[in-house]
Amino acid sequence: LTDPQGVLVDLYVPRKCAATNRLITSKDHASVQISIADVDANGRATNTSTTFALCGQVRSQGESDDSL
């Protein structure tokens, strides 16, 4: 939900699992969010990062390393 200025005003915005594309609910306490730094051609970290959210089901099956 946004206000007239276009600012997001929702109290809770659910995340989606990067592997299964399912919503990660607020009760999924086994879920993780991993931020990986982007690198340039020389291998140096830039100021940006890529974020992956993984749900608890993927982690419990041991598939989270394959999903990244």
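Me: What makes a stretch of residues a strand here, and where does leucine 23 lie?
Reply: A strand is a DSSP run of at least two residues marked E, numbered from the N terminus. Leucine 23 lies in strand E2, residues 23-24. The model is predicted.

Me: Why is leucine 23 called exposed?
Reply: Exposed means over 50% relative accessible area. Leucine 23 has 55% relative accessibility, so it counts as exposed.

Me: What does leucine 23 touch, leaving aside its neighbours within four places in sequence?
Reply: Pro14, Arg15 and Lys16. Contact means heavy atoms within 4.5 Å. As for valine 13, its C-alpha lies 10 Å from that of leucine 23, and the two are ten residues apart in sequence.

Me: Where is asparagine 21, and what marks its backbone?
Reply: Asparagine 21 sits in the loop between strand E1 (15-16) and E2. Its phi is positive, about 65°, although the residue is not a glycine.

Me: How do you know whether asparagine 21 is buried or exposed?
Reply: Set its value against the cut-offs: under 20% is buried, over 50% is exposed. Asparagine 21 has 51% relative accessibility, so it counts as exposed.

Me: Why is threonine 48 called partly exposed?
Reply: Partly exposed is the range between the buried limit of 20% and the exposed limit of 50%. Threonine 48 has a relative accessible area of 45%, so it is partly exposed. This residue lies in strand E4, residues 45-54.

Me: What makes threonine 46 partly exposed?
Reply: Its relative accessible area is 34%, so threonine 46 is partly exposed. Threonine 46 also lies in strand E4. Leaving aside neighbours within four places in sequence, threonine 46 is in contact with Asp38, Val39 and Asp40.

Me: Which residues make up the largest nonpolar core, and what makes them a core?
Reply: The five residues are Cys17, Ile24, Ala53, Cys55 and Val58. A nonpolar core needs buried residues of the listed nonpolar kinds, joined through side-chain atoms within 4.5 Å. This set is therefore called a core.

Me: What is alanine 53 in contact with, leaving aside its neighbours within four places in sequence?
Reply: Its contacts are Arg15, Lys16, Cys17, Ala18, Ile24, Val32 and Gln33. Among them, Cys17 and Ile24 also belong to the largest nonpolar core.

Me: What is the secondary structure, and in which pattern does it run?
Reply: The protein has two helices and four strands. Along the sequence the pattern is β-β-β-β-α-α.

Me: Why is the protein called more spread out than a compact globule?
Reply: Its radius of gyration is 15 Å. The globule rule gives 11 Å for 68 residues. The value is well over that, so the protein is more spread out than a compact globule. Its C-alpha atoms fill a box of roughly 45 × 35 × 15 Å along the principal axes.

Me: How many of the 68 residues count as buried?
Reply: The share is 12%. The protein exposes about 5,300 Å², and carbon and sulfur atoms supply 50% of that area.

Me: What share of contacts with a separation of 6 or more joins residues 24 or more positions apart?
Reply: Such pairs account for 31%.

Me: How many side chains are positive and how many negative?
Reply: There are 6 positive and 8 negative side chains. The centres of the two sets lie 5 Å apart.

Note on methods. Residues numbered from 1 in each chain as written. Predicted model: local features only at pLDDT ≥ 70, side-chain atom pairs only at ≥ 80, totals over all residues. Heavy atoms only, no water. Buried < 20%, exposed > 50% of the residue type's maximum accessible area, 1.4 Å probe, protein only. Rg over C-alpha atoms; globule rule 2.2 N^0.38 Å. Areas by Shrake-Rupley, 256 points an atom, 1.4 Å probe, with all protein chains shown as cover. Lys, Arg positive; Asp, Glu negative; His and termini not counted. Charge placed at Lys NZ, Arg CZ, Asp CG, Glu CD.
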